[in-house]
There are 2 protein chains.
Amino acid sequence: MRDSFRRELDGVADRLVGMCELVGAAMRGATMALLDNDLVLAEKVIHDDNRVDVARADCEERAHALLALQAPVARDLRVVIAAVHAADSVERMGDLAVHVARTTRRRHPNPVLPTELRGRFANLGQICVTLADTAAQVIRTRDLVLAAELADTDNTVNALHSGLMATLMSPDWPHGVATAVDVSQLSRFYERFGDHAVSLARRTAYVVTGDPRPPHLGRAA
Amino acid sequence: MRDSFRRELDGVADRLVGMCELVGAAMRGATMALLDNDLVLAEKVIHDDNRVDVARADCEERAHALLALQAPVARDLRVVIAAVHAADSVERMGDLAVHVARTTRRRHPNPVLPTELRGRFANLGQICVTLADTAAQVIRTRDLVLAAELADTDNTVNALHSGLMATLMSPDWPHGVATAVDVSQLSRFYERFGDHAVSLARRTAYVVTGDPRPPHLGRAA
């Protein structure tokens, strides 16, 4: 029973790690599409999100089967519940990558970003891909230190987001209202992507401590 | 065993209904604070969110205890898992009300909204309070028709959001960039509040049908 529980739990973790890889790739693609104004790539990111949804459904079914057949208790139960929450978070990360891709599609053939902001969004994209990657490692290892590092990295995303908001709110913003609104929403999509990675990592790692109340999970919603 | 399962499940549902009432009140307060530029009320909404977090932790602990002690299977298991997801959604709805309140606080003593948009935000606030209320009823009744009605009502929120975005993207928007960005983010907070209510209602109601894959849950993230 313990062996089969571990094996099935590993199966759930594998699916979650696979989901993290999918949403990391989605965010990489969405950012490239944004920077290169690449409609074909944006469409591909939007289309491929279906794979995240399928993986999530599979992950949930496995978690449900585990609960029903193995009736885990105590820490084992918390680990399974954390996996259910994690699947939620990763699916939302995928949706946020899709939101970035949709913004590119909506403005095409015009580019969304003013040239001087491209560097900052390239940076946001790169860090978010790293966050997805680290989230996968946290799922594998349930390493509290790694979860804390992930939250630290996310602070860089938050700082970039705040900086972008300050830029477009400044009186000498030269690009008009529509571009400012697009940029503010895009920036928030990256910020939320990071928040979900933090939420996932903390919940996943902190089941180790046995605290039923997860620590503050970053700004949710 | 069945009786005690039902009783404990009712306890979880009671907490969820209580959470819906709290976030409905939060959104009502946040909207009033926004419309009246009322800093004290905005602070109260921000402060009171702690009650939602406590209720959510209580709700989760009860759900975990139920899983550990009763080891439910099949539909009973799905109902408990749906409750865990629902607690997530309602907590996020509370966070979104807080985001609205924080926007008011950030701009105070200046009002966030141009006068001519006040009516539309009053409307958004009112519908979102109704959505929180209907979500509570869906938790009580698991009524598929009610869940579908809730999704219909949310379409009004989506339409108001789209309308607001069109207004502030139009070339004759007279209020400048900073106000446009604030309004677009506020509008999105209401839209997301509605999406979470829909997600909760569908997940909660559709456990009845026994479909392990919930129907499309609105735009998540």
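Let's start inside chain B: Tyr190(B) counts as buried, at 0% relative accessibility (buried is under 20% relative accessible area, exposed over 50%, partly exposed in between, with a 1.4 Å probe and protein chains only). Keep in mind that this is a predicted model, where local features need pLDDT of at least 70, side-chain atom pairs count only at pLDDT 80 or more, and totals for chains, interfaces and linings use all residues. Residues are numbered from 1 along each chain as its sequence is written, chains are lettered from A in the order in which they are written, and side-chain values use heavy atoms, with hydrogens and water left out.

Now for the aromatics. Over all chains, the structure holds 2 aromatic pairs (rings of Phe, Tyr and Trp, the last by its six-membered ring, pair if their centres lie within 6.5 Å; planes under 30 degrees apart are stacked, over 60 edge-to-face, the rest tilted). In chain A, the ring centres of Phe121(A) and Tyr190(A) sit 5.8 Å apart with planes at 65 degrees, so that pair is edge-to-face. Phe121(A) belongs to helix 4 (residues 118-141) of chain A and Tyr190(A) to helix 6 (residues 176-206) of chain A, so the pair ties together parts 69 residues apart in sequence. Helices here are DSSP runs (H or I, at least four residues), numbered from the N terminus. Phe121(A) is buried, at 0% relative accessible area.

How do the chains relate? A rotation of 180 degrees with 0.0 Å of shift along its axis superposes chain A on chain B, RMSD 0.0 Å (least squares on C-alpha atoms of residues with pLDDT of at least 70 in both). The two copies are thus related as by a two-fold rotation axis.

Technical notes. Helix = DSSP H or I, 4+ residues; strand = E, 2+ residues; numbered from the N terminus.
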